[in-house]
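Please look over the chain below before reading my comments.

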Amino acid sequence: MKERQDILKRDDDSDSSKSCTNSSFTVRTVRYGECQKNHAANVGGYAVDGCREFMPCGEEGSSGALTCAACGCHRNFHRREVQTEVVSDYSSPSSNGCRYSN
């Protein structure tokens, strides 16, 4: 399954008194795990189909992208797992000759 990545926020420290750059951004990776649809809810029971991972039927942007190829359920029935990573791009003044002016 293909994981989806979104850049949520980018912060730049662009103070005019600094000649070095410091920027960071947050990368969010969304993955859909096992299916949690209760197929026995109408009879008062609990039974899941055993689908372990969401696999889209179609390409991103198509109507089949939200339907699982393995179990036929909508993507919302699958457990959503979000991983967040903060990536910082900072160059220190000593490493590249940058200086702070006062």
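The points below go from the whole chain down to single residues.

1. Basis. This is a predicted model, in which local features need pLDDT of at least 70 and side-chain atom pairs count only at pLDDT 80 or more, while totals for chains, interfaces and linings use all residues. Residues are numbered from 1 along each chain as its sequence is written, and side-chain values use heavy atoms, with hydrogens and water left out.

2. Layout. The chain has one helix and three strands. Their order from the N terminus is β-β-β-α. Both kinds of element are DSSP runs, numbered from the N terminus: helices are H or I with at least four residues, strands are E with at least two.

3. Surface and burial. The accessible surface of the chain is about 7,400 Å², and carbon and sulfur atoms hold 45% of that. Areas come from the Shrake-Rupley method with a 1.4 Å probe; for residues, only the protein chains shown count as cover. Of the 102 residues, 22% count as buried. Buried means under 20% relative accessible area, exposed means over 50%, and partly exposed lies in between (1.4 Å probe, protein chains only).

4. Take the contacts between residues at least 6 apart in sequence: 51% of them join residues at least 24 apart. Contact here means heavy atoms within 4.5 Å.

5. The core. Which residues make up the largest nonpolar core? There are seven: Val-30, Tyr-32, Cys-35, Cys-51, Phe-54, Cys-68 and Cys-73. A nonpolar core is a set of buried Ala, Val, Leu, Ile, Met, Phe, Trp, Tyr and Cys residues joined through side-chain atoms within 4.5 Å.

6. Aromatic pair. The count is one aromatic pair. Tyr-32 and Phe-54 form this pair, edge-to-face, at 6.0 Å centre to centre with 65 degrees between the planes. Tyr-32 is in strand E2 (residues 22-35) and Phe-54 is in the loop between E2 and E3, so the pair ties together parts 22 residues apart in sequence. The rule takes rings of Phe, Tyr and Trp (its six-membered ring) with centres within 6.5 Å; planes under 30 degrees apart are stacked, over 60 edge-to-face, and the rest tilted. Tyr-32 counts as buried at 12% relative accessibility. Phe-54 also counts as buried, at 4%.

7. Cys-35. This residue sits in strand E2. Is Cys-35 buried or exposed? Cys-35 counts as buried because its relative accessibility is 5%. Beyond four places in sequence, Cys-35 touches Val-48, Asp-49, Cys-51, Cys-71, Cys-73, Phe-77 and His-78. Its C-alpha lies 6.9 Å from that of Glu-53, 18 residues apart in sequence.

8. Cys-73. Neighbours within four places are again set aside. The contacts of Cys-73 include Cys-35, Lys-37, His-39 and Asp-49. Leu-66, Thr-67, Cys-68 and His-78 are also in contact with Cys-73.

9. Lys-37. This lysine lies in the loop between E2 and E3 and counts as partly exposed at 29% relative accessibility. Lys-37 lies over the face of Phe-77, 5.1 Å from the ring centre. The test is NZ of Lys or CZ of Arg within 6 Å of the ring centre and within 35 degrees of the ring normal.

10. Met-55. The loop between E2 and E3 holds Met-55. Met-55 counts as partly exposed, at 41% relative accessibility. Outside four places in sequence, Met-55 contacts Thr-67, Cys-68, Ala-69 and Ala-70. Met-55 and Ala-69 are 14 residues apart in sequence and 5.5 Å apart, C-alpha to C-alpha.

11. Glu-81. Strand E3 (residues 78-90) contains Glu-81. Glu-81 is partly exposed, with a relative accessible area of 30%. What does the side chain of Glu-81 make a polar contact with? The partner is the side chain of Arg-31, at 2.6 Å. A polar contact is a pair of N or O atoms within 3.5 Å; within protein, one must be able to donate a hydrogen and the other to accept it, and residues adjacent in sequence count only if both atoms are side-chain atoms. Not counting residues up to four places away, Glu-81 touches Thr-29, Val-30, Arg-31 and Gly-33.
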